[in-house]
Amino acid sequence: MPQRPLATRLRLNDVRYEIRGELARRARELEARGETLIKLNIGNPGAFGFQAPAHLREAVSRGLPASEAYGHQQGLPEAREAVAAVHRARGASQAHADRVFLGNGVSELIDLSLRALLNPGDEVLLPSPDYPLWTAATILNDGFPVHYPCRSENAFLPDPEEIEALVTPRTRALVLINPNNPTGASYPRELLEALVGIARRHGLLLMADEIYDGIVYADAPFQPLAPLAGDVPCLSLGGLSKVHRACGWRVGWAVLTGDAARIGDYHHAIDLLGALRLCANVPGQFAVQAALQGADSISALCRPGGRLYDSRQAVVDACAASGHLDLVAPAAAMYAFPRVVGDAATGFDDHLFAVELLETERVLVVPGSSFNLARRDHFRITLLPDSETMAEVFQRIGRVLARRAES
Ligand code: PLP
């Protein structure tokens, strides 16, 4: 009997995650041939020489013998209490360990929390550009992504009026990513209050992806959403991957706050899905309390003289000097999202540019349109390499853009 190819899930045809897609595969091919690349496609601190603080590693080692059994589906009680305590200290007075869920990274919790919420055709308001897992997980969980624009002309901040105009009777949730990947925007308090107002008026769940919460370069500190949301249902997400530089441990958390009468069913739905996957990776959970109660280890990296700050400054300077690039200086997180302008922008295609940059200059970036952005004139790089590497990267980018400007 002839063997037919295995069918895959049809909805996957609508799902994209190009950060680890075709270009990354091509990069691996080049590396296998012995080529040396500068890969700026993933915000993976460990790949750039960053390490988790020693007291986190010690906590995981100490916890290892007790990690062989399944844990609670919501996570280790002491880890959940530490997460709740941080949220209370920030002003979310109702944050409680019972309403904290530990997951295998924020990634798993994004999927699980959307799966717990959505019925077929329900709409989710998502930023454009976004971190593309949000759009992918909405689609895979039978929802419909509705993107609200965050324009470079407005420092990549969204316009609350524009968001509210997109609300329909099918809208269930308003997602925000703050500090933002890919743009580096950090949302001011008044903007967050306006978003809470929209959620309150239309009965939406707020979903705040705050995984970059301690990585801020500007003077204005990070403003968490939950304290402003009060009784409005709000799921705040954070984790160990970025601020604590331990992506590989796969530890994230979600904190559900808001009117108890309104969030009870949703809590049970997430709890059930958590139980179906038994528990999150246990060893990594032992680092949570150490991370949240130990000394701050990220701020120094984000100040002048700190590795992330200096790398960001090198990118800001290189873009300003380039003549082909316009950059909204990232206020936070670990990415820059430059736009190609001037002569080089004529007929510019972000994907073709990324291919040419990889093939001719051995630098891997992610095209801006991979972040659910309709226009094709941006690209994203991580700020994790040191400032010298960044200067070299922009020499190479400059050569490709100069060729394009001349042609
Ligand atoms: N959310 C955002 C905005 C991210 O940038 C990332 C990873 O880059 C994630 C979530 C996933 O993080 P985790 O490692 O916790 O799964």
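This report covers the overall fold of the chain, one annotated span and the shell around the ligand.

The model is predicted: local features need pLDDT of at least 70, side-chain atom pairs count only at pLDDT 80 or more, and totals for chains, interfaces and linings use all residues. Residue numbers start from 1 along each chain as its sequence is written.

The chain holds 13 helices and 14 strands, taken as DSSP runs numbered from the N terminus (helices H or I, at least four residues; strands E, at least two).

| Property of the chain | Value |
|---|---|
| Buried residues | 49% of the 407 residues |

A residue is buried if 20 or more other C-beta atoms, placed from the backbone, lie within 10 Å of its own.

The UniProt record (unreviewed entry) places "domain: Aminotransferase class I/classII large" at residues 37–397; such annotations may be inferred rather than shown by experiment. This span is 37% helix and 16% strand, and its end C-alpha atoms lie 13 Å apart.

Around the ligand there are 13 residues, of which Gly105, Val106, Ser107, Tyr131 and Ser241 come nearest; a residue counts as near if its C-beta atom, placed from the backbone, lies within 6 Å of the molecule. Helix α4 (residues 105–115) gives the largest share of this shell, three residues.

Notes: Buried ≥ 20, exposed ≤ 12 C-beta atoms within 10 Å, placed from the backbone.
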